[in-house]
Amino acid sequence: KGPDMGVAEDLAGRLAGGELVIIDGGMGSQLQAEGVPMDDLAWSARANLDQPDVVQRVHEAYIGAGAEVIIANTFAASRAALEPAGLGDRVAEANRNAMRAALAARDAAATRPVAVAGSMSSFCPIAMDSDALGARLGGPAAEDPRFPGPDDYQEQAGLLAEAGADLIVLEMIEAQSYGRAAVQAAADTGLPVWLGISPARLDDGTLGTFPELGDGESLDGLVRALTGPALAAITVMHHNAEVTLDAIDVIRGHFGGPIGVYAETGGWQPPLWVFDGLTPDEYLSHAITWAGHGAQLIGGCCGTGPGHIQALSEGLARRG
């Protein structure tokens, strides 16, 4: 089944017209909240193999809450993420099951156009190992063989496009090295591509990237290096809400297209998310500020659930 180009075109037209579009909330963390076990290495991706019915149910809940873009549960489903967990022979199955669950949820629950995005990320077991944070093998991400490489991204992008994704979202892209490979693989599908970056406040007050996943460069340098005609949007995602406005300003310095925001809230104790963050109303108050600062795509990442997305959908309605 190919992508529904009408949905992708509708989304692009809305964004070009200055409208605000609601994205879904956290996928892995919400699966955890629904009682799905999180794998010590492959985190939420195992759910695509073991409990695809719950994956579909979470997507349906987000659609019911008002999400106009849902992101398939493929964030942790690259070969680089699955092989260390002993699931290297099930990469295609994990990605196809995830897309099938998302598309089935749209068929079952959508009463308006809903775009289904396939996710590709920097995720690999490094992100699950608290002892490895900031202490990777031999230096920058470009030199670390555990990160997804060009072949991993090409394989996953092909699977997502073939399974019917309307667009590809790149998530937690923190280094030029694998970032270029991810952008290229996504662009090669011919689908719209969103680049998702996760900024962090550095000791000197400027914005950089997560040290365990990046090359230690500035956010400005990363955005400048990866921005190009292949990108339909750039999103600030899986980050602390406090840095959002500064990150939007950095992106706007290099990119004239739509900007999105979906922040995390709570804490991370691998492999589990700690739900001690912003309430839906508190999250909405941040989101109103983001929309006022020019963000057009707004949703939530880890720690947000359908309640947060419903608050966004109701509280940001007709602000576009």
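Predicted model: local features only at pLDDT ≥ 70, side-chain atom pairs only at ≥ 80, totals over all residues.
How do the axes of helix 9 and helix 10 (residues 244-252) cross, and within what distance do they come? I looked this up first, and found that the two axes come within 9 Å and cross at roughly 40°. That makes helix 9 oblique to helix 10.

Residues are numbered from 1 along each chain as its sequence is written, and side-chain values use heavy atoms, with hydrogens and water left out.

My notes on terms: axes are lines fitted to C-alpha atoms, for helices over the stretch in contact, and angles run from 0 to 180 degrees between N-to-C directions. Angles under 35 degrees are roughly parallel, over 145 roughly antiparallel, 65 to 115 roughly perpendicular, and the rest oblique. Helices (H or I, at least four residues) and strands (E, at least two) are DSSP runs, numbered from the N terminus.

**Helix 9 and helix 10**

Leu219, Asp220 and Val223 of helix 9 meet Ala247, Val250 and Ile251 of helix 10, with contact meaning heavy atoms within 4.5 Å. By class I noted 5 nonpolar, no polar and 1 charged residues (Ala, Val, Leu, Ile, Met, Phe, Trp, Tyr, Cys and Pro are nonpolar; Asp, Glu, Lys and Arg charged; the others, Gly among them, polar).

**Helix 4 and helix 12**

I then turned to helix 4 (residues 52-65) and helix 12 (residues 306-315), whose axes come within 8 Å and cross at roughly 20°. That makes helix 4 roughly parallel to helix 12. Helix 4 passes helix 12 in a right-handed crossing. On the helix 4 side I found Ala61, Tyr62 and Ala65 in the contact, and on the helix 12 side Pro306, Ile309, Gln310 and Ser313. The tally here is 5 nonpolar, 2 polar and no charged residues.

Glycine 307 also sits in helix 12. I have it down as partly exposed because its relative accessibility is 40% (buried is under 20% relative accessible area, exposed over 50%, partly exposed in between, with a 1.4 Å probe and protein chains only). Its C-alpha atom is separated by 9.1 Å from that of glycine 25, 282 residues apart along the chain.

**The sheet**

What order do the strands of the open sheet take? I read 1-12-9-8-5-4-3-2 for its 8 strands, with parallel pairing (two strands pair if DSSP finds at least two bridges between them). Strand 1 (21-22) and strand 2 (69-71) are the edges, each pairing on one side only.

Strand 2 and strand 3 are parallel over 3 bridges, and valine 69 has alanine 115 as its partner in strand 3. Strand 3 and strand 4 share 5 bridges, again parallel, with alanine 117 opposite leucine 167 in strand 4. Strand 4 (residues 167-171) runs parallel to strand 5 (residues 193-197) over 3 bridges.

Is strand 3 mostly covered or mostly open? I found it mostly covered, with 7 of its 7 residues buried. Ala115, Ala117, Ser119 and Ser121 are buried on one side, and Val116, Gly118 and Met120 on the other.

Last entry: helix 9 (residues 219-226) lies across strand 5 and strand 8 (231-240), at about 165° to strand 5.

Notes
Left-handed = near helix turned anticlockwise from the far one by under 90°.
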